[in-house]
Amino acid sequence: MSIGLGHYLVVSGLLFSLGLYVLITRKNAVAMLMGVELVLNAALLNMVAFSRLGRVGPDKLDGQVFALFGIVLAAAEAVVALALVLQLYRAFRSVDTTETTDLKG
Amino acid sequence: MTNMGASLFAILPELVLTGAILVVILADLLLKARPGRPTAVAVLSCLGLVGSVAAIAAVPGPGAGTSAFGVMIATDGFALFFKGLVYFAAFFGVILGLMSSEIRREQYGEYAILLLCLAMGMGLLAAARNLLMLYLGLEMVSLPSYILTGFRRGDRRSSEAAVKYVIIGAASSGLMLYGFSLLYGLFGTLDLTRIGMGITRLLAGPPTGEHLALAVATLLSLAGFAYKIAAVPFHMWCPDVYEGAPTPFTAFLSVGPKAAGMAALLRFFLTAFGAPVAGAVGGFPWQVLLGILAMVTMTVGNFAALNQENVKRMLAYSSIAHAGYMMMAVAVGSGDAVRSVMLYLPIYLLMNTGAFLAVMAVRERTGSELLTAYRGLGSRSPYLAITLTVFLFSLTGIPPFAGFIGKFYLFAAVLKAGSPFFNVVAVVGVLNSVIALYYYARLVRTAFFEKAGEGEGAVALTEPSRVMLTVLAVPTLILGIYWGPLASLIERSAGMMR
């Protein structure tokens, strides 16, 4: 049995669901960011899989290029997000989103 | 393949802006601790933005070269109009930041640079014709926004707001990216026009599993746009971020990224789904879904605004409601609807920035954003109170202010759609405007009819605040009576290359 498009899609679907699950259930800001990374990677895996095995015409490489851009942007986003989480920790001594709640209404 | 030279010429506004960013970075570094540093940075940034707006006029208009770099970036009138609009928003953001004490002087350079980067991102977002460009534009707007929200280091509210923003922002852009990857898988291309052709072909055939995949992909993509314009159900970040962010940036955030997001949403739906948004796509009635989202968005925004004691927070909810009004027209998707959104946004830019400027002026003097700080403002600072009233009544949509014209065109476009559903949407919109009157008028009443408390002296306006209030209030009044030139500019630039 060879690995086909379906296999990749199942893996990425699982990653996506797990990421979403983490995002919804976790209250820790760092853990939520990890969930976001899972969702992003699921999408990028999709891109590469479709580009290699999917029904693509002349834009065959577009998906892989997209994935490269996506990796760079995910890294940039992680840098900004973790810096802000650090700042949150300095202000509240906690990264639990249920405890860091000055803003309400 | 398109000519590279022509493509470079087509992104002249971005090139000018890039040059300006580099110059500002250098100037900020070279001037170090000199006393004139913030002013010099502000002047250079404003010059850069003015230069970029001027460069827009030099770009060949629709019909000549409507697209650059293959089909990545649109240079049609629609894109150019929104570029000009967001550069103006950034212009006000730069000036307001200079006037505010919330931005520390030694950090002002960073503030201006980030704002300019954001402006470029917004322009690219409005011009994106390709899923990759759309994603890049969205992230280019988001990343500086996160940083600027958390700009007041050590401030608890600012830090909390920034983390909420980054988590919700990253999550919704992740959802959108997954939607994009499905669209790429379905149609084998990232180009919006060809995705549109693929969708037409797909829907002509018998319903298959691919229709379901298309519906899921579009729903997920919608999440990214809804977050950017702060529409329900992705609006939760909005009040917290608006309250926690530095006020000059809040003023900008409530207008600039919203305009760019609205432009991207319009282009995405009109290009990929054809105009009008064509009833049921993928077995899913998109127009109805967007219409319902619009109704829910404005109702949630207006009802939540009713009881707010913090004026900044109240304006945040009001901006959610305004996103709802504009989404009504997006749902209709006709040519009239596109033009009405294009007319509404510049007016919204003036009145909302003005309202936040007034909030900022009160905060500078009293250190408070609460409703109680506005008691007796009519006698403590008549000019501030009167201009604030102009902005608030304009936001409500009362004639003869500009907001009325904006709303009039929006509702006209929705009613012109002629279907019973959109008549209901319009009625809900009108009812919402009435609700909005309550909380805007409450602030005006507090300012004019409540006595100032003990020790609440005059609110002295600084000269720059007075000038800026005038700069924003006068067009708000004039556009309410004489909007012909703006309407004809929009008429000329509404053409969108599909």
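The buried residues of α1(A) are L9(A), S12(A), L15(A), F16(A), G19(A) and L23(A), where buried means 20 or more other C-beta atoms within 10 Å of the residue's own, exposed means 12 or fewer, partly exposed lies in between, and C-beta atoms are placed from the backbone. They lie on the same side of α1(A), because they cover an arc of only 125 degrees around the axis, the arc being that of the directions from the helix axis to the C-beta atoms. This is a predicted model, in which local features need pLDDT of at least 70 and side-chain atom pairs count only at pLDDT 80 or more, while totals for chains, interfaces and linings use all residues. Residues are numbered from 1 along each chain as its sequence is written, and chains are lettered from A and ligands numbered from 1 in the order in which they are written.

**Helix α1 of chain A**

- Exposed residues on the other side of α1(A) are G6(A), V10(A), L14(A), Y21(A), I24(A) and T25(A).
- The cover over the buried residues of α1(A) includes α2 of chain A and α7 (156-187) of chain B; helices (H or I, at least four residues) and strands (E, at least two) are DSSP runs numbered from the N terminus.
- The 21 residues of α1(A) should span 30 Å at 1.5 Å a residue, and the end C-alpha atoms are 30 Å apart, which agrees; the expected span is 1.5 Å times one less than the number of residues.

**Contact between chains A and B**

- Chain A gives 38 residues to the contact and chain B gives 38 residues, two residues being in contact if their C-beta atoms, placed from the backbone, lie within 7 Å.
- On the side of chain A that touches chain B, the elements giving two or more residues are α1 (5-25), α2 (29-53) and α3 (62-92) of chain A.
- α3(A) gives the most to that side, with 16 residues.
- That side of chain A divides into 25 nonpolar, eight polar and five charged residues; Ala, Val, Leu, Ile, Met, Phe, Trp, Tyr, Cys and Pro count as nonpolar, Asp, Glu, Lys and Arg as charged, and the others, Gly among them, as polar.

**Chain B overall**

- Chain B has 21 helices and four strands.
- Its radius of gyration is 22 Å, close to the 23 Å that the globule rule gives for 498 residues, so chain B is as compact as a globular protein of that length; the radius is taken over C-alpha atoms, and the rule is 2.2 Å times the number of residues to the power 0.38.
- Of the 498 residues of chain B, 62% count as buried.

**Largest nonpolar core**

- Among its 228 residues, V86(B), A90(B), A119(B), V330(B), V341(B) and V414(B) touch the most other members; a nonpolar core is a set of buried Ala, Val, Leu, Ile, Met, Phe, Trp, Tyr and Cys residues joined through C-beta atoms within 7 Å.
- Helix α15 (residues 335-366) of chain B supplies the largest share of this core, 20 residues.
- Neighbours within four places in sequence aside, V414(B) is in contact with M328(B), A329(B), V332(B), F422(B), V425(B) and A426(B).

**Backbone geometry**

- Most residues other than glycine have a negative phi, and most peptide bonds are trans.
- V232(B) and P233(B) are joined by a cis peptide bond with omega about 5 degrees, and P233(B) is in the loop between α9 (209-228) and α10 (237-244) of chain B.
- A230(B), in the loop between α9 and α10 of chain B, has a positive phi of about 60 degrees although it is not a glycine.
- A230(B) is buried, with 28 other C-beta atoms within 10 Å.
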